Amino acid sequence: MKNLCLISLSTFIFSFSLSMLFGNPAYSQTTSSDKMAYLYPANKEKIFDETVEGFYQALRDLKYSVHQELYQRYKQKPKEQQRHLDTVLFKEMPDASVSIRKKLLFKEVEGFNYITFDGNILRTYPGIDVNHYQVISPERQVYFFYSFKDTEKEFRGRYAIYDVETKEMVAGGGTYMPKLNLTRNTYDKEG
């Protein structure tokens, strides 16, 4: 009797395993009508008259209400919580090795990732991968501002991406990376 129960149980488990292995798989299908609903949808066909230089100056002059509000929120924070205003409302670095101001499609921003070596590993900055931005369409027009200084001792950079239509910042930030000193040669020491 005991053996009959074990055989029945083994047969059931074997049959269940085979049905799971060879059963009808269910596939998730998407249709062409399932399009991504972006917060910032594609607008590459629209024409915007403002030049990138004109927008940069308007940004520095706080011409738009969205930038005035951001500036007011910045000023209301306690001093110890305030980041540098030049990274909040982008301003080019005065001693930058490279400064870029461009009006382009969001998907084209990836082409401006800069590779630097910190003495240990290669790093990209700003390291933008448009696939990670699910709120903004790759076909959306943006203003791209990028400024950095790369020396033997350090890398400093800042960038900002503003939506052309709404004038809102969609991405931005700054970084500082000290570099390791690899010029020391320990084999020259006599001991």
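## A cross-strand pair and its hairpin

Ile161 stands opposite Ala171, a residue of strand β6. The structure described here is a predicted model. Strands β5 (residues 154–163) and β6 (residues 169–178) run antiparallel and are joined by 9 bridges. The hairpin made by β5 and β6 has 5 residues between the strands, and Lys167 takes a positive phi near 70 degrees there.

## Overall composition

The protein contains 4 helices and 6 strands. Along the sequence these elements follow the pattern α-α-α-α-β-β-β-β-β-β. Of the 191 residues in the protein, 31% are buried.

The accessible surface of the protein comes to about 13,600 Å², and carbon and sulfur atoms contribute 53% of that area. Among contacts with a separation of 6 or more, 64% are between residues 24 or more positions apart.

## The four-stranded sheet

Strands β5 and β6 belong to an open sheet of 4 strands, whose order is β1-β4-β5-β6 and whose pairing is antiparallel. Strands β1 (98–105) and β6 are the edge strands, each pairing on one side only. On average, neighbouring strands of this sheet are turned by 10 degrees against each other, direction ignored. Helix α2 (residues 52–60) packs on the sheet and touches β1, β4 (141–150) and β5. The direction of helix α2 makes about 75 degrees with that of β4.

In general, strands of a sheet pair through backbone hydrogen bonds, in either a parallel or an antiparallel arrangement.

## The surroundings of His67

His67 is placed in helix α3 (residues 65–76). With a relative accessible area of 1%, His67 is buried, because the limit for that class is under 20%. Leaving aside residues up to four places away in sequence, His67 touches Phe55, Leu59, Leu62, Leu89, Tyr162 and Lys167. One of these partners, Lys167, is the residue with a positive phi in the hairpin of β5 and β6.

Asp49, in the loop between α1 (2–22) and α2, has a relative accessibility of 74% and therefore counts as exposed. Asp49 and Val164 are 115 residues apart in sequence, and their C-alpha atoms are 10.0 Å apart in space.

## The hairpin of β2 and β3

Strand β2 (residues 114–117) pairs with strand β3 (residues 122–125) in the antiparallel sense over 4 bridges. Within this pairing, Tyr114 stands opposite Tyr125 in β3. The two strands, β2 and β3, form a hairpin with 4 residues between them. In its turn, Gly119 has a positive phi of about 100 degrees.

Ile115, Phe117 and Leu122 make a nonpolar surface patch of about 320 Å². Leu122 lies in strand β3 and is exposed, with a relative accessible area of 60%.

## Salt bridges

The count of salt bridges comes to 12. In one of them, the side chains of Arg140 and Glu165 meet at 3.5 Å, N to O. This pair links distant parts of the chain, 25 residues apart: Arg140 is in the loop between β3 and β4, and Glu165 is in the loop between β5 and β6. The two partners fall into separate accessibility classes: Arg140 counts as buried at 4% relative accessibility, whereas Glu165 counts as partly exposed at 33%.

A further salt bridge joins the side chains of Asp150 and Lys179 at 2.4 Å, N to O. Asp150 lies in strand β4 and Lys179 in the segment after β6, so this pair ties together parts that are 29 residues apart in sequence. Salt bridges that share partners join Lys46, Arg140, Asp163 and Glu165 into one network. The side chains of Glu154 and Arg156 also meet in a salt bridge, at 3.2 Å, N to O. Arg156 is partly exposed, with a relative accessible area of 38%.

Notes: Residues numbered from 1 in each chain as written. Predicted model: local features only at pLDDT ≥ 70, side-chain atom pairs only at ≥ 80, totals over all residues. Heavy atoms only, no water. Buried < 20%, exposed > 50% of the residue type's maximum accessible area, 1.4 Å probe, protein only. Contact = heavy atoms within 4.5 Å. Areas by Shrake-Rupley, 256 points an atom, 1.4 Å probe, with all protein chains shown as cover. Pairing = 2+ DSSP bridges. Axes fitted to C-alpha atoms, helices over the stretch in contact; angles between N-to-C directions. Patch = residues over 30% accessible without salt bridge, like charges linked within 9 Å, V, L, I, M, F, W, Y side chains within 5 Å. Salt bridge = Lys/Arg side-chain N within 4 Å of Asp/Glu carboxyl O.
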